[in-house]
Amino acid sequence: MITLKHLERVYPLAQGKFFYVLRDINLDFAEGEFVSIMGPSGAGKSTLLHILGMHDHAWGGEYFLGEAAVHQLKPKARATLRNEQIGFVFQSYHLLDDLTVYENLDIPLSYRRFSKAERAGMVADTLDRFNIVGKKDLYPRQLSGGQQQLVGVARAIIANPKLLLADEPTGNLHSSQGEEIMALFKKLNDEGMTIIQVTHSEKNAAYGNRVIQLRDGWVV
Amino acid sequence: MTTLLQDLRYGLRMLLKHKGFTAVAVIALGLGIGANTAIFSLVNGVLLRPLPFPDAERIIYIEGKNPAAGITESNISFLDFTDWSQQTDLFASTAAYWTGTANFGADGAEPERVPRAGVTTGFFSVLGVQPVLGRTFVPEDDKGWPQSVAIISHGLWKRRFGSDPAIVGKQVQMSSWPLTIIGVMPPGFEYPEQTQVWVTTAANLRDEPRDNRVWSAIARLNTGIDLKQAQTRLSAINAQLDKQFRETNKGWDVFVSTLHERLVREIKPSLLALLGAVGFVLLIACANVANLLLARGAARQKEIAIRAAMGASRTRVLRQMLTESVLLSAIGGVAGLVLSIWLTDLLMSMLPEGAPRLGQIGIDYRVLAFALGVSALTGILFGIVPALQASKLDVTSALKEGGRSGEGHRRTSARSLLLIGEVALSLMLLVGAGLLIKSFLRLQEVRPGFDARNVLIANLALQGPKYRDDQQNVEFFRQLKERLEVVPGVQAAGGSVNLPLNPSGYAIGRGFIPEGRPLTVDEAKDAMFSTITGDYFRALQIPLLSGRTFESRDNADGPKVVIINETTAKRYFGSPTAAIGKRLSIWSAFRGRRRDEKFMREIVGVVGDTKTGSLTGEGGAQIYVPHAQDSQWNFMGLVIRTAGDPAAFARTLRHEVQALDKDQPIYNVRTMDDVVANSLGTRRVSMQLFAVFAIAALLLAAIGIYGVMAYSVTQRTQEIGIRMALGAQKSDVLALVIRQGMTLTLIGVVVGLGGAFVLTRLIANLLFGVAATDPLTFVAIPLLLLFVALVACYLPARRAARLDPTIALAQS
Ligand SMILES: Nc1ncnc2c1ncn2[C@@H]1O[C@H](COP(=O)(O)OP(=O)(O)OP(=O)(O)O)[C@@H](O)[C@H]1O
Ligand SMILES: [Mg+2]
């Protein structure tokens, strides 16, 4: 599903020097995989995930997503592709404080071509599926961390992406809450969703079928 | 006291620390307070300062009105005045006077034209002024025409006589008649207008007709008498006179106002409108500074939380914040006061010549108090909202969050409200300016009925024993016309006793009665009356619609003729062509002699209408007679049409006049273009100032919108990052920010439109040819404002759209 060839990410430093965050990354991810990326702090895990999530465009090399050669796409086409295929879960949830659970779930839909009725239907389905109907009018601050991340995951998959990216989704959670999220991921993966997560925990990595180790920008 | 000092010191340190903020705020406040102080010093000098006479509020001005005839302000007749003056229980003293100009000569030097007033004996005691040298008039001085004694102004005494202490008793020439100077008035006293020489009125009560309404009258009320009592009594007398003298007094009433009110009547509405406008600008500036303070308040949450945790009460925090803002506005106030000195000078130089009471404008304790008060008020005004916000802070959460995303809803909504108010205020101001500008454009489109380009005008009053014979006057102007016509570059030359737009401040109304109607007051039709000489119509290019203009055969011996304007022809004779050959007789009085002509004049021509008094007024009926057939006039407004720049012909004109008689000075030499421009003077100034204030308001509002949106974008950086990560594209982010800004703007526009709808009524009397609710202005101005707001929102929106989501997300 995903092929990365000679992918690299460089930050320019002062006085014409460069800092390689990712070097010559060559990876393949098959459809239906549940992969965990691990490695010490500063290894470049988040950087890689943001490139995969098409938040970051300043990289070199080749990135194929399905049929599409992402490295050749114009920004607009990239954005469309991303909106069709990818969902993203953040370590610190990143729910919008001023919006209710319902409204937070609606954000991704508002940026895709859905009618109002379709959107309402999809939000209702998702609330149901994640069993948070009773929380739909609450604001993020009225939820526990685990509940917030539950909403974060629900929001990430509401538009039916093929690929779910998650950057330390349980990093801010108690272990029991973390386990719930991981169980959810497992379930989503069983239903056919491809998942790539960054994690520091061996236990979480065990939910997946493969682990990739990053160190100083290299795959090891 | 020590805490205040402490607050002040700390406040000053904060201002010094945030130099950028302080500079922006001081500039905005300085401009706002400066402009307000400058306009206020105008209002103060013209409207608030009492006239420089003792108990000036008891001096009243008496005018005539005749509602039935549509006359709202008129001079009064001397005989009516005499009747009013009998009411000694009302008035401590009364005076009637006329104004004009005269050739003033002394010691054989070339005569100069000076403003002169003929006043009754009571004049100086009504005003309560004493001469610095000599004495004022006593009844024995008034021995009729010509006058024998004169009082001169301090300025003239200084300039012409080197402040000669032995001036009293000296002989001078006034229009070639000898006069003895009996007194010198104190410095600055030049009432009425810029009078330099006061003489006795030379009124002859036996000859004076009751309808010779050319006099001005003032009176000093007795203590305990108010304006209303005086009004009631004088009206009652006039009702009596109406019955007693039907022919001259039918429908004539009187109305009194304080002299001060009368002097500022025309300029007052403009001044008040300007004061309102400039006040709006200051309010908008305040809103901007308040928004800056709110933004800074967000950054200061931690400091305030720590203070509160250390035990500062809410009022204590409030006071400290207010001390800082008042300190800021005080600095702005000082800057503004300095600026206002310069602005006031600028304003004075913009005002048209002859605007009233300019000498009274300057900085006095009232202006200082105003500047001080406004500064303090603005300090509290823009400081109170941010201070209240800061003092309401929840300490624990602010400390816990470390000031991170502590920006609460309250602060945001305060900023939004300020922005809405700012937009609304500037919209109102812009609508006002739009209406005034449109009025002004309309005024410039007004066709005055003549062509002002390439026309030079000048006044000439023939004076001295040579011109006692009326035919001499006629002959002089005829010869002058002939001499001027042969000068290369002069295309036409002529003259009229009163020119259009009234540049010599001189207008003559006469009645006329079409042939076949009885010769009674009820049949007389009012008309502007001009005795003309030379090629008057050609010189001003007033079009001839039918018949002919005057020719040399229309002399004293020829059949009596008259030319009327189009309005008269249509109103009373059907049409310009139908009027030719019809006859009318002229009915009126002038300066002591009954001027009813006992004969009929034949209408030989019909010319186009011209604007007589002002561009805004109606031309009304106008009738013209040839100087040769109405030869009493020694006075003419000369008009010459030239091939090139008319101003260059001033020398030629002077030369030709002096070639005929070297003792006759011409004066008020101006181009007709100047006259037209000056007739719009006050309107132009108020329009320009209004426009400047409105543009300032628009800029301030744009800066305000920009500031609020830019701040909001920094506050929302993370949110925008999340939205982008969730699929928002550049256009979505752009729309997000612009929608937020434009929603606030739109609310402001709606509020402003409501306000403008109400407020523009207040400037309705400053408008011309455009309704206070002019639909075009009410549509175009909001569109302009929305467009500017869009630009102001676009800049921060673009920055938001260019955010790098990975960096934006990392901001937590
Ligand atoms: N804008 C930037 N400019 C320069 N260097 C950067 C920038 N952003 C990240 N880096 C560097 O890139 C490297 C990789 O960062 P990244 O966030 O991908 O690490 P990570 O593996 O996710 O670490 P962690 O486990 O702590 O989240 C780090 O050394 C970081 O300092
Ligand atoms: Mg990371």
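Residues are numbered from 1 along each chain as its sequence is written, while chains are lettered from A and ligands numbered from 1 in the order in which they are written. In this predicted model local features need pLDDT of at least 70, side-chain atom pairs count only at pLDDT 80 or more, and totals for chains, interfaces and linings use all residues; side-chain values use heavy atoms, without hydrogens and water.

**Exercise 1.** Classify the ring pair of Phe53(B) and Tyr191(B).

*Solution.* 
Step 1. Rings of Phe, Tyr and Trp (its six-membered ring) pair if their centres lie within 6.5 Å; planes under 30 degrees apart count as stacked, over 60 as edge-to-face and the rest as tilted. Over all chains there are 24 aromatic pairs.
Step 2. The centres of Phe53(B) and Tyr191(B) are 6.5 Å apart and the planes stand at 80°, so the pair is edge-to-face.
Step 3. The pair links distant parts of the chain, 138 residues apart: Phe53(B) lies in the loop between helix H2 (19-48) and strand S1 (59-66) of chain B, and Tyr191(B) in the loop between strand S8 (177-184) and strand S9 (197-200) of chain B. Helices (H or I, at least four residues) and strands (E, at least two) are DSSP runs, numbered from the N terminus.

**Exercise 2.** Decide whether Phe53(B) is buried or exposed, and do likewise for Tyr191(B).

*Solution.* 
Step 1. Buried means under 20% relative accessible area, exposed over 50%, and partly exposed in between (1.4 Å probe, protein chains only).
Step 2. Phe53(B) has 12% relative accessibility and therefore counts as buried.
Step 3. Tyr191(B), at 10%, counts as buried.
Step 4. Both residues belong to one aromatic cluster, whose members include Tyr97(B), Phe123(B) and Trp198(B).

**Exercise 3.** Describe the polar contacts of ligand 1 with Lys45(A), Ser46(A) and His200(A).

*Solution.* 
Step 1. A polar contact is a pair of N or O atoms within 3.5 Å; within protein, one must be able to donate a hydrogen and the other to accept it, and residues adjacent in sequence count only if both atoms are side-chain atoms.
Step 2. From an oxygen atom of ligand 1, an N or O atom in the side chain of Lys45(A) is 2.8 Å away; for Ser46(A) the distance is 2.7 Å.
Step 3. A polar side-chain atom of His200(A) lies 3.3 Å from an oxygen atom of ligand 1.
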